[in-house]
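Biologist: I am new to this one and would like to know what stands behind the words used for it. Could you take me through it step by step?

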Amino acid sequence: MFIDVDRFKLVNDSMGHDAGDELLRIVAKRLQYPIRKGDQLFRWGGDEFTVLLENVTDTNMVENMVRRIIDTLAEPIKLKEREVLVTTSVGIAMYSGEEDLNSVQLISNADAAMYRAKRAGRNGYKFYDSAMNDKAFERLTVETSFKQALRNGEFRLYYQPRLSVFSGKVTAVEALLRWQHPQHGLITPDKFIHLLEDSGLITEVGEWVLKSACKQLKKWQLAGMPSVRVSVNVSAKQLLFANIVDQVNRAISEANIDPHSLELEFAENLFVEDKKRVLQVMRQLKEIGVALSIDDFGFGYWPLSYLQSLPIDYIKISHEIVHGITENKGDLVTTRAIARLAHSMNIRLVAKGVENQGQVELLKKTCCHELQGYQVGKPSKPMQIPLIVAARDVPRVRKLALLQ
Ligand code: C2E
Ligand code: CA
């Protein structure tokens, strides 16, 4: 068993090393009660202990022992006239005598299981299984290659135009992440965004996306492109764990763009997270002046009263609903209901994944304000965007020419 005292460092840092030492002595003493006579207890180093159990006949016996260990250590500990609570994470690895395994591997397996127990929320235990090392290795290689990708500039942004139904002009372009992998070629985000989120690297890559999109907008503006907004996808992890408000402020000021020309898209499932915090961050972002939208709307993760309280400018209807509107009555009814809701709240409506003229016509009738999808423009490289924007701006140029 690999036993780790959670929050030991906190005690050490806040109450001093002598308190930390005392804590370890108390833990060591308490650990002796649940184990059997003949079992061996070691201090492994720092706040880690190991227990070697021999003659284990079944896992129930081990589990009972682990539970007792966790319970004993959960009792308040008196340190310097104060009561301190610690929790414990335990990893267990078994060796039947048949596998080809040495003691170092056995301990390292127990350590991997302990790490798992910690990640699962502390104050618990996990048995080792061989997938843990594979997963740990996979995680490590994935993290390393993302870090390399950032350093080597392998991430790219493509941009997809969004059109106004009324003027036919491009109102915004959505930044879509791509990974130009040296061996595997261009990779789309559905293959790796979840890995970035799991590894926590989404905060770094997300900041890169924000900065790059803002800088790109400035470049287009300097090149004389008619003004459009740039919209950036923000995942729940970024909103909750990165200081997104600071990141946005930095990106805007470094690129020297008008905050109103930046839009942030939040996935609808974000709203199952800490509602108060989401609202607070959104209000701060709104104060900066950026536009906010809810992406992939239509599956109802949250009550409408909550929607009303959010400072939202746009709702983007999920492409799954848009795809169905020409054939499926239910999808058309849903789109109309969302449109009514949006209009009553003064929120603009964007349809995603528009792929044919039939959908365009129906969406116009449903009072959608903006359209996005292959029918109006595919995600394109930055250099192609001014041409796309200019092509859609022709009616205005003609009108101006006629007026003169
Ligand atoms: P999304 O926000 O829903 O982005 C739209 C996706 O639909 C894009 O896929 C786009 O290429 C695709 N698409 C656009 N028009 C059509 C159409 O007419 N038909 C169909 N079938 N598909 C269409 P992409 O670029 O692969 O992005 C996938 C998702 O990855 C995005 O979905 C977004 O959730 C996420 N993502 C992309 N870039 C970023 C980023 O920088 N940060 C974060 N957090 N997520 C990102
Ligand atoms: Ca989006």
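Modeller: Gladly! Let us begin with a term: a polar contact is a pair of N or O atoms within 3.5 Å, where one must be able to donate a hydrogen and the other to accept it. Please keep in mind that this is a predicted model.

Biologist: Then what makes the pairing of the R162 and E370 side chains a polar contact?

Modeller: The cut-off is 3.5 Å, and the side chains of R162 and E370 come to 2.8 Å, so the pair counts as a polar contact. The R162 side chain also makes a polar contact with the side chain of E263, at 2.9 Å.

Biologist: Where does R162 sit, and why is R162 called buried?

Modeller: R162 belongs to strand β8, which covers residues 155–164. Buried means under 20% relative accessible area, and R162 has 1% relative accessibility, so R162 counts as buried.

Biologist: And S164, why is that residue called buried?

Modeller: S164 is in strand β8 too. Its relative accessible area is 11%, which falls under 20%, and therefore S164 is buried.

Biologist: What does the side chain of S164 reach, and which residues is S164 in contact with beyond its neighbours within four places in sequence?

Modeller: The S164 side chain reaches the backbone nitrogen of F166 at 3.1 Å. Leaving those sequence neighbours aside, S164 is in contact with K169, T171, H369 and E370.

Biologist: Let us turn to helix α14. Which of its residues are buried, and what do they pack against?

Modeller: Helix α14 runs over residues 357–365, and Q359, V360, L362 and L363 are buried there. The buried residues of α14 pack against α12 (319–324), α13 (329–344), β15 (348–351) and β16 (370–371).

Biologist: How do helices α1 and α2 pack?

Modeller: Helix α1 (residues 8–15) and helix α2 (residues 17–31) pack at an angle of about 145°, and their axes are 6 Å apart. On the α1 side the contact is made by F8, V11, N12 and M15, and on the α2 side by H17, D18, A19, G20, L23 and L24. By class, that contact has six nonpolar, three polar and one charged residues.

Biologist: Now the pockets. How do you know that there is empty space at all?

Modeller: Rolling a probe the size of a water molecule over the atoms shows where empty space is left. The largest pocket has a volume of about 1200 Å³. Its lining has 40 residues, with L176, N233, D295, D296 and K352 nearest its centre. Strand β9 (residues 170–181) gives the most to that lining, five residues.

Biologist: What is the make-up of that lining by class, and what of the second largest pocket?

Modeller: The lining of the largest pocket divides into 18 nonpolar, 12 polar and 10 charged residues. The second largest pocket holds about 460 Å³ of space. Its lining has 16 nonpolar, three polar and one charged residues. V51, L52, L53, A93 and L106 lie nearest its centre, and α4 gives the largest share of the lining, four residues.

Technical notes: Residues are numbered from 1 along each chain as its sequence is written. Chains are lettered from A and ligands numbered from 1 in the order in which they are written. This is a predicted model: local features need pLDDT of at least 70, side-chain atom pairs count only at pLDDT 80 or more; totals for chains, interfaces and linings use all residues. Side-chain values use heavy atoms; hydrogens and water are left out. Axes are lines fitted to C-alpha atoms, for helices over the stretch in contact, and angles run from 0 to 180 degrees between N-to-C directions. Helices (H or I, at least four residues) and strands (E, at least two) are DSSP runs, numbered from the N terminus. Contact means heavy atoms within 4.5 Å. Ala, Val, Leu, Ile, Met, Phe, Trp, Tyr, Cys and Pro count as nonpolar, Asp, Glu, Lys and Arg as charged, and the others, Gly among them, as polar. On a 1 Å grid over the protein atoms alone, a cavity is a set of points where a 1.4 Å probe fits but cannot get out, and a pocket is an open set with protein on both sides within 12 Å along at least five of seven lines; lining residues have an atom within 4 Å of a point. Grid points are joined across faces, edges and corners, and a volume is the space filled by probe spheres set on the points. Buried means under 20% relative accessible area, exposed over 50%, partly exposed in between (1.4 Å probe, protein chains only).
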